[in-house]
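Hi there,

Here is the structure I promised to pass on to you.

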Amino acid sequence: MKLRQTAGLAVPLVMASVLLAACSSSGSSTSSSSAGTSSSASGSSGSSAAGSLKKGLKVFIIPKNLGNSYFTTADSAKSGGAIAALDALGETGTETSGTAATPASQIPAIQAAISKGANALLVSATDPTALCPTLNAAMKRGVTVVTYDSDAPTCRSLFINQASTAQIGTSEIDLLASQIHDTGDIAIVSAAASATNQNAWIGYMKQELAKYPKMKLVATVYGNDDPTTATQVTQGLLEQYPNLKGIISPTTVGIAAAAAVLDTAKYRGKIMLTGLGTPDSLKKYVADGTIKSFELWNPANLGYLAAYAAVELASGKISGAQGQTFTAGKLGSFTVGADKTVLLGPPFVFSAANINTFNF
Ligand code: RAM
């Protein structure tokens, strides 16, 4: 396993990818929309630089929810995400989902994408149990299904994982332990109770806690990737557990909401907060001492890699079997690992020392 990306190495890597993303975002792509979808088509023809990849594929990108800046970055052309990759390959990329991170909100968007003739779906699963009947039916009809960010293991050909699930879970506990001197009550502010990614990370957090006998997980609460709900459940924790020493929020929406709650004289510097957040949303909380350090990967690179993987599959160049390799444009070569999973890379750790060099 690769070691976690250190701050010193992370900065040039991300700066390079930001520059590359800026270069590749020209052309016809648009990526933001208030109407629920955004799309682009390069319309180019002729042979692809990548060889025998098909062109003109209809690829729908279906995040957990719209209006979540993490997914806007992962999916859009402007940020160098999935639609940027699809533009470069000559496909049509469309982002669509509901506004709530729930299966009730996401499934109609999946069904509409299938009705519109999708060749491939890129899905971050709100709830694998609820989504799989629809996704399995689509696969039977020849639609390529790739999950990214949050998996649905029984109804996709590949999962594009942002970072090792074990590494994210264990490192979150280690980060908080270092901030609370290995001692005290802690709680988790998660996303949805049905989210595959958060649940898998929390599983590893619980295992890692065995190394810290003086730390006790007193509650896991769910903010559903909704700012209002995440604020309310964080406030509820503070009322119910007056001895709380630390919170982990492994969701970009949850950690930003929890940070706003803790950013008062009463809590700042007394209850530690870490988790998974975007640097741009947390810079002010790092600057004022509400947050010492937290983690994430580059969401745009996650979407970009997922898009290449979907096109490779839909073109019949790979089947998703372990050991197959493919090239994802500027990100280079990737190999399919166990459980039909492709790993983007190790997460970055952000702190006051490096956060201002990141802009996503
Ligand atoms: C939220 C979503 C997403 C997760 C990030 C860290 O935006 O829950 O699935 O990967 O946080």
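To start with the strands: how many bridges join strand β5 (residues 144–148) to β6? Three bridges join them, and the two strands run parallel. Two strands pair if DSSP finds at least two bridges between them.

Before going further, please keep in mind that this is a predicted model: local features need pLDDT of at least 70, side-chain atom pairs count only at pLDDT 80 or more, and totals for chains, interfaces and linings use all residues. Residues are numbered from 1 along each chain as its sequence is written.

**Around β6**

Leu158 of β6 is the bridge partner of Val146. β6 also pairs with strand β14 (residues 341–343), again in the parallel sense and over three bridges. There, Val342 of β14 is the bridge partner of Ile160. Within β6 (residues 158–161), Leu158 and Ile160 point one way while Phe159 and Asn161 point the other way, and all are buried. A residue is buried if 20 or more other C-beta atoms, placed from the backbone, lie within 10 Å of its own, exposed if 12 or fewer do, and partly exposed in between.

**Two loop residues**

Asp149 lies in the loop between β5 and β6. Asp149 is not a glycine, yet has a positive phi of about 70°. Asp149 counts as buried because it has 25 C-beta neighbours inside 10 Å. Lys340, in the loop between β13 (333–335) and β14, is likewise not a glycine and has a positive phi of about 50°. With 19 C-beta neighbours inside 10 Å, Lys340 counts as partly exposed.

**A helix pair**

Helix α8 (residues 227–240) and helix α9 (residues 252–262) have axes that come within 8 Å and cross at roughly 50°. That makes α8 oblique to α9 (under 35 degrees is roughly parallel, over 145 roughly antiparallel, 65 to 115 roughly perpendicular and the rest oblique). The contact involves Pro227, Ala230, Thr231, Thr234 and Gln235 of α8, and Val253, Gly254, Ala257, Ala258, Ala260 and Val261 of α9; residues are in contact if their C-beta atoms, placed from the backbone, lie within 7 Å. The contact residues divide into seven nonpolar, four polar and no charged (Ala, Val, Leu, Ile, Met, Phe, Trp, Tyr, Cys and Pro count as nonpolar, Asp, Glu, Lys and Arg as charged, and the others, Gly among them, as polar).

Best wishes

Definitions and conventions:
Axes fitted to C-alpha atoms, helices over the stretch in contact; angles between N-to-C directions. Helix = DSSP H or I, 4+ residues; strand = E, 2+ residues; numbered from the N terminus. Contact = placed C-beta atoms within 7 Å.
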